[in-house]
Amino acid sequence: MVREIDELREAAIGAINTASDLKSLEELRVLYAGRRSRLREILSGIGQLSAEERPVVGQAAGKAQREIDSALDKRQLALQDLAEQADALDVTLPGRRGHRGRKHPLTAMTDELVDVLRSMGFAVADGPEVDDEFHNFDALNTPADHPARDEHDTFYLDDGHLLRTHTSTVQIRVMENQPPPVRVISQGRCYRKETVDATHHMVFHQIEGLYVDEGVSLAELKGTLTTLGRQVMGDQTEIRFRPHFFPFTEPSVEFDFSCSICSGDGHAGGGRCRVCKGTGWIEIGGAGMVDPNVFRSVGYDAEKYTGFAFGFGIERVAMIRYGIDDIRLFFESDLRFTRQFGG
Ligand code: FA5
(Lines give C-alpha, C1' and ligand atoms only; values in the text may rest on other atoms or scores of the structure.)
Protein backbone atom coordinates (compact mmCIF):
# COMPACT_ATOMS: atom_id res chain seq x y z
CA MET A 1 0.00 0.00 0.00
CA VAL A 2 2.93 2.31 0.69
CA ARG A 3 4.02 1.81 -2.91
CA GLU A 4 0.56 2.73 -4.13
CA ILE A 5 0.67 5.89 -2.01
CA ASP A 6 4.09 6.85 -3.38
CA GLU A 7 2.95 6.32 -6.97
CA LEU A 8 -0.18 8.33 -6.30
CA ARG A 9 1.85 11.17 -4.80
CA GLU A 10 4.27 11.27 -7.71
CA ALA A 11 1.49 11.22 -10.31
CA ALA A 12 -0.43 13.94 -8.46
CA ILE A 13 2.55 16.29 -8.07
CA GLY A 14 3.62 15.77 -11.69
CA ALA A 15 0.13 16.63 -12.96
CA ILE A 16 -0.23 19.62 -10.61
CA ASN A 17 3.11 21.15 -11.62
CA THR A 18 2.20 21.01 -15.29
CA ALA A 19 -1.44 22.17 -14.97
CA SER A 20 -1.83 24.87 -17.58
CA ASP A 21 -4.72 26.86 -16.09
CA LEU A 22 -6.69 27.38 -12.90
CA LYS A 23 -9.64 25.31 -14.13
CA SER A 24 -7.60 22.14 -14.71
CA LEU A 25 -5.83 22.73 -11.37
CA GLU A 26 -9.23 22.74 -9.64
CA GLU A 27 -10.06 19.41 -11.29
CA LEU A 28 -6.75 17.99 -10.00
CA ARG A 29 -7.54 19.30 -6.51
CA VAL A 30 -10.83 17.35 -6.52
CA LEU A 31 -9.13 14.25 -7.93
CA TYR A 32 -6.13 14.12 -5.56
CA ALA A 33 -7.18 16.05 -2.46
CA GLY A 34 -10.99 16.03 -2.58
CA ARG A 35 -13.29 14.20 -0.17
CA ARG A 36 -13.68 11.26 -2.56
CA SER A 37 -10.00 11.01 -3.52
CA ARG A 38 -8.11 7.71 -3.22
CA LEU A 39 -5.80 9.24 -0.61
CA ARG A 40 -8.75 10.18 1.62
CA GLU A 41 -10.08 6.66 1.18
CA ILE A 42 -6.74 5.20 2.33
CA LEU A 43 -6.56 7.61 5.30
CA SER A 44 -10.07 6.76 6.50
CA GLY A 45 -9.34 3.03 6.22
CA ILE A 46 -6.19 3.11 8.36
CA GLY A 47 -8.10 1.99 11.45
CA GLN A 48 -8.78 -1.36 9.82
CA LEU A 49 -5.09 -2.13 9.16
CA SER A 50 -2.91 -4.35 11.33
CA ALA A 51 -0.94 -2.74 14.18
CA GLU A 52 2.32 -3.06 12.21
CA GLU A 53 0.92 -1.60 8.99
CA ARG A 54 -0.94 1.29 10.61
CA PRO A 55 1.98 3.65 11.44
CA VAL A 56 3.83 2.96 8.19
CA VAL A 57 0.82 3.60 5.96
CA GLY A 58 -0.37 6.50 8.12
CA GLN A 59 2.98 8.22 7.85
CA ALA A 60 3.26 7.73 4.06
CA ALA A 61 -0.32 8.93 3.46
CA GLY A 62 0.09 11.99 5.73
CA LYS A 63 3.31 12.95 3.96
CA ALA A 64 1.70 12.48 0.53
CA GLN A 65 -1.24 14.64 1.51
CA ARG A 66 0.98 17.47 2.80
CA GLU A 67 3.11 17.44 -0.33
CA ILE A 68 0.09 17.40 -2.65
CA ASP A 69 -1.57 20.28 -0.74
CA SER A 70 1.61 22.32 -0.89
CA ALA A 71 2.07 21.65 -4.65
CA LEU A 72 -1.54 22.69 -5.25
CA ASP A 73 -1.07 26.00 -3.35
CA LYS A 74 2.21 26.81 -5.13
CA ARG A 75 0.82 26.08 -8.59
CA GLN A 76 -2.29 28.15 -7.83
CA LEU A 77 -0.17 31.23 -6.94
CA ALA A 78 1.99 30.80 -10.03
CA LEU A 79 -1.05 30.48 -12.33
CA GLN A 80 -2.72 33.52 -10.70
CA ASP A 81 0.44 35.59 -11.32
CA LEU A 82 0.50 34.50 -14.93
CA ALA A 83 -3.17 35.39 -15.36
CA GLU A 84 -2.60 38.88 -13.87
CA GLN A 85 0.39 39.51 -16.11
CA ALA A 86 -1.58 38.48 -19.14
CA ASP A 87 -4.38 40.91 -18.14
CA ALA A 88 -1.87 43.73 -17.66
CA LEU A 89 -0.16 43.30 -20.99
CA ASP A 90 -2.04 44.75 -23.91
CA VAL A 91 0.27 44.46 -26.88
CA THR A 92 -2.01 46.63 -29.01
CA LEU A 93 -1.47 49.76 -26.87
CA PRO A 94 0.95 52.41 -28.25
CA GLY A 95 4.38 52.53 -26.50
CA ARG A 96 5.19 55.03 -23.73
CA ARG A 97 8.06 57.43 -24.24
CA GLY A 98 10.70 57.15 -21.47
CA HIS A 99 11.72 60.34 -19.66
CA ARG A 100 15.35 61.36 -19.95
CA GLY A 101 16.69 62.54 -16.60
CA ARG A 102 19.21 65.30 -16.13
CA LYS A 103 21.61 66.37 -13.42
CA HIS A 104 20.37 68.39 -10.47
CA PRO A 105 21.89 71.90 -10.70
CA LEU A 106 24.00 71.26 -7.58
CA THR A 107 25.37 68.02 -9.05
CA ALA A 108 26.15 69.76 -12.35
CA MET A 109 27.90 72.62 -10.50
CA THR A 110 29.85 70.21 -8.28
CA ASP A 111 31.00 68.13 -11.26
CA GLU A 112 32.22 71.25 -13.03
CA LEU A 113 34.15 72.56 -9.98
CA VAL A 114 35.69 69.14 -9.34
CA ASP A 115 36.73 68.82 -13.01
CA VAL A 116 38.50 72.20 -12.95
CA LEU A 117 40.31 71.44 -9.68
CA ARG A 118 41.31 67.96 -10.88
CA SER A 119 42.78 69.50 -14.01
CA MET A 120 44.97 71.59 -11.67
CA GLY A 121 46.38 68.44 -10.07
CA PHE A 122 44.07 67.94 -7.06
CA ALA A 123 43.03 64.38 -6.22
CA VAL A 124 39.53 63.73 -4.85
CA ALA A 125 39.22 62.56 -1.23
CA ASP A 126 36.14 61.55 0.72
CA GLY A 127 35.14 61.64 4.37
CA PRO A 128 32.13 60.76 6.56
CA GLU A 129 29.20 63.14 7.09
CA VAL A 130 28.81 61.79 10.63
CA ASP A 131 32.10 62.57 12.30
CA ASP A 132 33.54 63.20 15.76
CA GLU A 133 34.49 66.36 17.66
CA PHE A 134 38.19 65.65 17.13
CA HIS A 135 38.02 65.81 13.33
CA ASN A 136 35.43 68.61 13.16
CA PHE A 137 36.92 70.85 15.87
CA ASP A 138 39.90 69.79 18.06
CA ALA A 139 42.30 68.79 15.28
CA LEU A 140 41.34 71.99 13.47
CA ASN A 141 42.64 74.09 16.36
CA THR A 142 39.09 74.92 17.46
CA PRO A 143 39.06 74.76 21.27
CA ALA A 144 36.17 73.50 23.40
CA ASP A 145 35.03 77.05 24.21
CA HIS A 146 34.87 78.14 20.55
CA PRO A 147 31.39 79.45 19.62
CA ALA A 148 31.16 77.12 16.57
CA ARG A 149 30.99 74.19 19.00
CA ASP A 150 27.86 75.55 20.60
CA GLU A 151 24.79 73.29 20.61
CA HIS A 152 22.95 76.06 18.83
CA ASP A 153 25.22 75.72 15.79
CA THR A 154 25.88 72.00 15.55
CA PHE A 155 23.77 68.84 15.36
CA TYR A 156 25.14 66.50 18.03
CA LEU A 157 24.15 62.83 18.15
CA ASP A 158 23.47 60.97 21.40
CA ASP A 159 26.64 58.89 21.12
CA GLY A 160 28.97 61.91 21.04
CA HIS A 161 29.27 62.07 17.24
CA LEU A 162 28.03 65.03 15.23
CA LEU A 163 26.96 65.96 11.70
CA ARG A 164 30.01 67.68 10.22
CA THR A 165 29.66 71.47 10.01
CA HIS A 166 32.22 71.79 7.19
CA THR A 167 34.32 69.68 4.84
CA SER A 168 37.53 70.74 6.67
CA THR A 169 37.19 67.42 8.56
CA VAL A 170 38.53 65.72 5.43
CA GLN A 171 41.78 67.76 5.64
CA ILE A 172 42.51 65.98 8.92
CA ARG A 173 41.46 62.54 7.71
CA VAL A 174 43.72 62.81 4.66
CA MET A 175 46.75 64.12 6.60
CA GLU A 176 46.32 61.39 9.24
CA ASN A 177 46.64 58.81 6.49
CA GLN A 178 49.39 60.09 4.23
CA PRO A 179 52.62 62.03 4.53
CA PRO A 180 53.21 65.27 2.57
CA PRO A 181 53.02 66.29 -0.21
CA VAL A 182 49.21 66.40 -0.22
CA ARG A 183 47.04 68.01 -2.87
CA VAL A 184 43.39 67.04 -2.43
CA ILE A 185 39.87 68.35 -2.73
CA SER A 186 36.77 67.01 -1.08
CA GLN A 187 33.14 67.86 -1.57
CA GLY A 188 29.91 66.94 0.15
CA ARG A 189 27.08 67.72 2.51
CA CYS A 190 27.52 69.81 5.65
CA TYR A 191 25.02 70.50 8.42
CA ARG A 192 24.48 73.48 10.69
CA LYS A 193 21.66 74.36 13.06
CA GLU A 194 20.76 77.46 11.07
CA THR A 195 17.55 79.35 10.71
CA VAL A 196 16.75 78.74 7.05
CA ASP A 197 16.49 81.83 4.83
CA ALA A 198 17.23 82.77 1.20
CA THR A 199 21.00 82.29 1.59
CA HIS A 200 21.32 79.83 4.50
CA HIS A 201 20.20 76.24 4.85
CA MET A 202 20.60 73.57 7.54
CA VAL A 203 22.00 71.23 4.88
CA PHE A 204 24.35 72.62 2.26
CA HIS A 205 27.40 71.54 0.27
CA GLN A 206 31.01 72.61 0.41
CA ILE A 207 34.18 72.02 -1.58
CA GLU A 208 37.41 71.92 0.36
CA GLY A 209 40.93 72.17 -1.02
CA LEU A 210 44.23 71.37 0.71
CA TYR A 211 47.78 71.66 -0.62
CA VAL A 212 50.73 70.85 1.65
CA ASP A 213 54.38 70.69 0.63
CA GLU A 214 57.68 72.44 1.29
CA GLY A 215 57.46 76.12 0.40
CA VAL A 216 53.75 76.43 -0.48
CA SER A 217 52.80 80.12 -0.41
CA LEU A 218 49.82 82.42 -0.23
CA ALA A 219 50.55 83.46 -3.82
CA GLU A 220 49.83 79.88 -4.91
CA LEU A 221 46.52 79.98 -3.05
CA LYS A 222 45.61 83.16 -4.89
CA GLY A 223 46.70 81.69 -8.23
CA THR A 224 44.66 78.52 -7.67
CA LEU A 225 41.48 80.37 -6.70
CA THR A 226 41.89 82.88 -9.58
CA THR A 227 42.19 80.04 -12.10
CA LEU A 228 39.15 78.34 -10.56
CA GLY A 229 37.12 81.58 -10.67
CA ARG A 230 38.03 82.30 -14.31
CA GLN A 231 37.29 78.77 -15.48
CA VAL A 232 33.91 78.67 -13.79
CA MET A 233 32.72 82.30 -13.91
CA GLY A 234 34.48 83.62 -17.02
CA ASP A 235 37.89 84.93 -18.15
CA GLN A 236 37.42 88.45 -16.77
CA THR A 237 36.85 87.29 -13.17
CA GLU A 238 39.04 88.95 -10.53
CA ILE A 239 39.66 87.62 -7.02
CA ARG A 240 39.81 89.62 -3.79
CA PHE A 241 41.09 88.50 -0.38
CA ARG A 242 39.72 90.12 2.79
CA PRO A 243 41.38 89.49 6.18
CA HIS A 244 39.33 87.10 8.31
CA PHE A 245 39.70 84.61 11.16
CA PHE A 246 39.52 80.83 11.06
CA PRO A 247 41.07 78.83 13.93
CA PHE A 248 42.71 76.39 11.50
CA THR A 249 44.41 78.86 9.14
CA GLU A 250 46.86 81.70 9.80
CA PRO A 251 46.69 84.13 8.11
CA SER A 252 43.02 83.61 7.15
CA VAL A 253 41.01 85.31 4.45
CA GLU A 254 37.57 85.38 2.98
CA PHE A 255 37.67 85.48 -0.79
CA ASP A 256 35.32 87.15 -3.25
CA PHE A 257 34.97 86.84 -7.02
CA SER A 258 34.19 89.93 -9.08
CA CYS A 259 30.52 89.78 -10.03
CA SER A 260 30.00 87.92 -13.28
CA ILE A 261 26.55 89.44 -13.79
CA CYS A 262 27.58 93.15 -13.82
CA SER A 263 31.27 92.54 -14.71
CA GLY A 264 32.23 94.08 -11.38
CA ASP A 265 30.89 97.60 -11.88
CA GLY A 266 27.82 97.14 -9.68
CA HIS A 267 25.26 98.05 -12.38
CA ALA A 268 23.12 95.68 -14.39
CA GLY A 269 19.87 96.01 -16.32
CA GLY A 270 19.81 99.79 -15.92
CA GLY A 271 20.01 99.69 -12.10
CA ARG A 272 21.89 98.29 -9.14
CA CYS A 273 23.11 94.72 -9.75
CA ARG A 274 20.72 92.35 -7.96
CA VAL A 275 23.31 89.60 -7.48
CA CYS A 276 26.22 91.56 -5.90
CA LYS A 277 23.91 94.27 -4.52
CA GLY A 278 25.95 96.94 -6.28
CA THR A 279 29.27 96.07 -4.61
CA GLY A 280 30.84 94.46 -7.69
CA TRP A 281 32.03 91.51 -5.55
CA ILE A 282 30.48 88.23 -4.45
CA GLU A 283 31.62 86.43 -1.30
CA ILE A 284 32.53 82.84 -2.12
CA GLY A 285 34.27 81.21 0.85
CA GLY A 286 37.12 81.06 3.35
CA ALA A 287 40.79 80.19 2.93
CA GLY A 288 44.25 80.63 4.42
CA MET A 289 47.61 79.10 5.22
CA VAL A 290 47.27 75.94 7.35
CA ASP A 291 47.91 76.77 11.02
CA PRO A 292 51.04 74.99 12.38
CA ASN A 293 48.89 73.64 15.24
CA VAL A 294 46.85 71.67 12.68
CA PHE A 295 50.06 70.13 11.30
CA ARG A 296 51.08 69.19 14.85
CA SER A 297 47.71 67.50 15.52
CA VAL A 298 48.28 65.13 12.56
CA GLY A 299 52.00 64.59 13.22
CA TYR A 300 53.36 66.70 10.31
CA ASP A 301 56.61 68.63 10.74
CA ALA A 302 55.32 72.20 11.11
CA GLU A 303 58.84 73.64 10.64
CA LYS A 304 59.35 71.90 7.32
CA TYR A 305 55.97 72.12 5.60
CA THR A 306 53.56 74.88 4.72
CA GLY A 307 50.20 74.59 3.03
CA PHE A 308 47.05 76.36 2.01
CA ALA A 309 43.41 75.37 2.43
CA PHE A 310 40.16 76.76 1.14
CA GLY A 311 36.48 75.94 1.48
CA PHE A 312 33.36 77.36 -0.08
CA GLY A 313 29.65 76.72 -0.47
CA ILE A 314 28.63 75.05 -3.73
CA GLU A 315 25.08 76.49 -3.48
CA ARG A 316 26.57 79.97 -3.36
CA VAL A 317 28.55 79.49 -6.58
CA ALA A 318 25.57 77.81 -8.30
CA MET A 319 23.26 80.67 -7.26
CA ILE A 320 25.53 83.23 -8.92
CA ARG A 321 26.25 81.08 -11.91
CA TYR A 322 22.59 80.30 -12.66
CA GLY A 323 21.04 83.52 -11.27
CA ILE A 324 19.09 81.72 -8.50
CA ASP A 325 17.98 84.03 -5.69
CA ASP A 326 16.79 81.54 -3.03
CA ILE A 327 18.83 78.59 -1.71
CA ARG A 328 15.66 76.75 -0.65
CA LEU A 329 14.79 76.08 -4.30
CA PHE A 330 17.65 73.55 -4.50
CA PHE A 331 16.03 71.27 -1.93
CA GLU A 332 12.34 71.38 -2.85
CA SER A 333 12.56 68.72 -5.59
CA ASP A 334 10.27 70.80 -7.79
CA LEU A 335 10.84 69.55 -11.33
CA ARG A 336 9.74 72.91 -12.79
CA PHE A 337 12.89 74.30 -11.12
CA THR A 338 15.41 71.50 -11.60
CA ARG A 339 14.49 70.97 -15.28
CA GLN A 340 15.81 74.44 -16.09
CA PHE A 341 19.41 73.49 -15.33
CA GLY A 342 21.96 70.73 -15.69
CA GLY A 343 23.15 68.73 -18.62
C1 FA5 B 1 34.13 77.26 6.75
O2 FA5 B 1 33.25 76.40 6.78
C3 FA5 B 1 35.57 76.88 6.68
N4 FA5 B 1 35.72 75.47 6.94
C5 FA5 B 1 36.13 77.27 5.31
C6 FA5 B 1 37.62 77.18 5.25
C7 FA5 B 1 38.22 76.04 4.75
C8 FA5 B 1 38.39 78.22 5.70
C9 FA5 B 1 39.60 75.93 4.70
C10 FA5 B 1 39.78 78.15 5.68
C11 FA5 B 1 40.37 77.01 5.15
P12 FA5 B 1 32.48 79.26 6.66
O13 FA5 B 1 31.72 78.94 7.90
O14 FA5 B 1 32.67 80.70 6.36
O15 FA5 B 1 33.91 78.58 6.66
O16 FA5 B 1 31.73 78.58 5.44
C17 FA5 B 1 32.31 78.60 4.15
C18 FA5 B 1 31.23 78.77 3.09
O19 FA5 B 1 30.21 77.78 3.27
C20 FA5 B 1 30.46 80.09 3.21
O21 FA5 B 1 31.18 81.13 2.57
C22 FA5 B 1 29.19 79.76 2.47
O23 FA5 B 1 29.40 79.79 1.07
C24 FA5 B 1 28.97 78.30 2.86
N25 FA5 B 1 28.00 78.20 3.96
C26 FA5 B 1 28.25 78.27 5.29
N27 FA5 B 1 27.11 78.13 6.00
C28 FA5 B 1 26.12 77.94 5.09
C29 FA5 B 1 24.70 77.73 5.19
N30 FA5 B 1 24.08 77.62 6.35
N31 FA5 B 1 23.99 77.59 4.05
C32 FA5 B 1 24.63 77.65 2.85
N33 FA5 B 1 25.94 77.85 2.69
C34 FA5 B 1 26.69 77.99 3.79
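**Helix pair and strands in a predicted model**

Tutor: This model is predicted. Helix α1 (residues 2–17) packs with helix α2 (residues 22–33) at an angle of about 170 degrees, and their axes lie 10 Å apart.

Student: Why is α1 called roughly antiparallel to α2?

Tutor: Set the value against the cut-off. Angles over 145 degrees count as roughly antiparallel. The angle here is about 170 degrees. Therefore α1 is roughly antiparallel to α2.

Student: What makes the contact between them?

Tutor: From α1 come L8, A11, A12, A15 and I16. From α2 come L25, L28 and Y32. Contact requires heavy atoms within 4.5 Å.

Student: How many residues of the contact of α1 with α2 are nonpolar, polar or charged?

Tutor: Eight are nonpolar, with no polar and no charged residues. Leu, Ala, Ile and Tyr are among the kinds that count as nonpolar.

Student: Next, strand β11 (residues 306–313). Why is it called mostly covered?

Tutor: Buried means under 20% relative accessible area, so that is the test. Seven of the eight residues of β11 are buried.

Student: How do you know that strand β5 (residues 203–213) and β11 pair?

Tutor: Pairing takes at least two bridges. Eight bridges join β5 to β11, so they pair. These strands run antiparallel. Q206 stands opposite G313 in β11.

Student: How many bridges link β11 with strand β10 (residues 281–290)?

Tutor: Five bridges, again in the antiparallel sense. In β11, F308 is the bridge partner of M289.

Student: Which domains is the chain divided into?

Tutor: Domain 1 (2–88) and domain 2 (105–338). Their centres, taken over C-alpha atoms, are separated by 71 Å.

Terms used: Residues numbered from 1 in each chain as written. Predicted model: local features only at pLDDT ≥ 70, side-chain atom pairs only at ≥ 80, totals over all residues. Heavy atoms only, no water. Axes fitted to C-alpha atoms, helices over the stretch in contact; angles between N-to-C directions. Helix = DSSP H or I, 4+ residues; strand = E, 2+ residues; numbered from the N terminus. Parallel < 35°, antiparallel > 145°, perpendicular 65-115°, else oblique. Buried < 20%, exposed > 50% of the residue type's maximum accessible area, 1.4 Å probe, protein only. Domains from an automatic or database assignment.
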